[in-house]
Each structure stands twice: as C-alpha cells, then as structure tokens.
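Dear colleague,

I am passing on the structure below, together with my notes on what turned up in it. Please read the notes with the model open beside them.

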Amino acid sequence: MPESRRSHLPQLPDADHFRSLEWIEKANAPVLAIGKDYGSGLKVPPHSHSRTQLWWARHGVVLVHTPGGRWMIPPGHALLIPAGTEHSAEMVSDVRMHSIYISADASPADRPLVLEITALVASLIDALVGAESEESSERREQLIMDLLLAEIPRLAERPLGLPFPQNHRLASLCRQFLKAPSATATIDEWADRMGISRRSFTRLFRQETGISFVTWRQQACIFGSLPRIADGEPIIAVALDAGYENVAAFTTMFRRMLGAPPSLYLRGQSG
C-alpha cells in the first residue's frame, strides 16, 4: 500500500496526539485515513489541521467544540471540519473513530457540517482504513479515494451543530441548559435571568447565534437526548425529562430534525 495513507493509532496521551498531528501535516498522500479507539470521557485538546477532516463516529458519540459552536457526532455520522478550524473533542461514550483527511481544495467547506454516512461511504472509508496487514494496490486505493471524494458532497446534512454565543452571560445560560435541556424553557425566563427585556433578549440571541431562541431550544433538546438514547435509556424517560408532554411529540421533533424516529435511528446506525 502507498506509504502514510492509513494507520491504526491507539488511545494516545497529549504528546502522542500532537505527534500524530505532525504526521498528518507532513504526509504527502492526497487522502489520509486513520482509525482510533477512544475511552469514554477522554478529551482531545484544541488543535487544527491544514487539511479538511471528515471525522466519522463508527461507534459511540462524540461532542466537538469549535469557537462558533458545539457539534454532536452520533453513530453513523461524521463531522466535516474545514481546514484551519480549531476544535477540541470530548468522548461521550467509548468511541471508535475513523478519520479521513483531504486537501482543503478537494472539499471547500466554510463551516463544520454533520453529515449522515451512507453505506457506500462507510464501505469506502473502511476500505481505506483497513487492516495494516491488508494488501492493496495503489490503483485500487486511488479509485476508492476518487469515489469517496465524489460521494462526500452528496451526503445529507443533519442539524446536529448547535451555534454557541460569544456573549459571556448568554453562553453561561446555554451551557447550563445543555446539562438539563427542557422543551418548556421560555424566552421570558431567560430574559429575566439576564435582567433584560424580552425584545432585547430575542434580538441579542439571534445576533449571537444566527437563529431564534425557539429553534435553538428545539435543537438543543434533541442534541442533548442523543447520548442518553445511545446509552440505551428508555425513550419515554428521555422525552419526559426534556419537557415533552409525551413520546409522540418528542418523536415528531426528532424525526423532523434527523429523518427517522429515535426508536430506529441510532439502532439503525449502530447496525
């Protein structure tokens, strides 16, 4: 196989993590593929790449932080991280990750995107990561890379990115909310906690996040439910804890955002 195109790296301390980043920066191959296993709770320190990264959660759930937001990667999904974007990560559960690194020109994304991985793309990534002992011709790998680069723009985007405000007081409220999301939280409650009028709050929230408070709240509730669903918690418990009156209301919002009901969504991805 061509040198430096794929590698299996164990769970690494910071020093080894940054050595792997150096390897990525020095490699000449047009597409790099890396497989890693992370333990639950492990945190990856802030860093960036000169290449665009497609970070696929083969199994498990990952929370990625960027200066402009937080991004949830559930099983069967990948986060497209544009070249030069500083990011850190936290493993919500045990995670098996496959990453693809490609030139910025080959994937000119201007913001992080959570993409749903198709069976075809999953097979292509698996083929590139492969086993170290696997024999593969340069011609075959080039064909796989070419098809993968053609398929990435076709992947469906999912709203699992949560814009985060820069305003210190508003960001503090958002962080507290993510610890216990509630579909019943109101604009008036948040405005009162900040000591400003409802009108000033709605204007500030949209300026800081680019979306309305209601839209952000809906996304945050689903965002916060994914790790619990991935852990196998009953959907009714997750729905009621999030402030939904019943499972049907929660399922409707979940389906609207992610294209499938929670009972099938993560089960299907893990399969």
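Ser182 lies in the loop between helix 4 (168-179) and helix 5 (187-194), where helices (H or I, at least four residues) and strands (E, at least two) are DSSP runs numbered from the N terminus. This is a predicted model, in which local features need pLDDT of at least 70 and side-chain atom pairs count only at pLDDT 80 or more, while totals for chains, interfaces and linings use all residues. Residues are numbered from 1 along each chain as its sequence is written, and side-chain values use heavy atoms, with hydrogens and water left out.

The side chain of Ser182 makes a polar contact with the side chain of Thr184 at 2.8 Å; a polar contact is a pair of N or O atoms within 3.5 Å, of which, within protein, one must be able to donate a hydrogen and the other to accept it, and residues adjacent in sequence count only if both atoms are side-chain atoms. Leaving aside neighbours within four places in sequence, Ser182 is in contact (heavy atoms within 4.5 Å) with Phe177, Arg217, Cys221, Ala242 and Gly243.

**The chain and its cores**

The protein chain has 10 helices and 12 strands, and of its 271 residues 51% count as buried, which means under 20% relative accessible area, with exposed being over 50% and partly exposed in between (1.4 Å probe, protein chains only). Among contacts between residues at least 6 apart in sequence, 74% join residues at least 24 apart.

The largest nonpolar core has 55 residues, and those with the most contacts inside it are Trp55, Met91, Trp190, Phe201 and Trp216; such a core is a set of buried Ala, Val, Leu, Ile, Met, Phe, Trp, Tyr and Cys residues joined through side-chain atoms within 4.5 Å. Its largest share, eight residues, comes from helix 7 (residues 213-230). A second, separate core of 23 residues includes Val31, Ile102, Val121 and Ala127. Val121 and Ala127 are also among the buried residues of helix 2 (residues 119-129), and just after this helix Gly130 takes a positive phi of about 50°.

**Two tryptophans**

Trp190 is in helix 5 and, at 3% relative accessibility, counts as buried. Not counting residues up to four places away in sequence, Trp190 touches several residues, including Cys174, Phe177, Phe201 and Trp216. The C-alpha atoms of Trp190 and Phe201, 11 residues apart along the chain, are separated by 7.9 Å.

Trp71 is found in strand 6 and is buried, with a relative accessible area of 12%. The side chain of Trp71 makes a polar contact with the side chain of Thr66 at 3.3 Å, and the C-alpha atoms of Trp71 and Pro163, 92 residues apart along the chain, are separated by 8.5 Å.

**Cysteines**

Cys174 is buried, with a relative accessible area of 0%, and Cys221 counts as buried at 2%. A search of the whole structure finds zero disulfides, a disulfide being a pair of cysteine sulfur atoms within 2.5 Å.

**A last question**

Which element gives the largest share of the lining of the largest pocket? Helix 7 does, with six residues.

With best wishes
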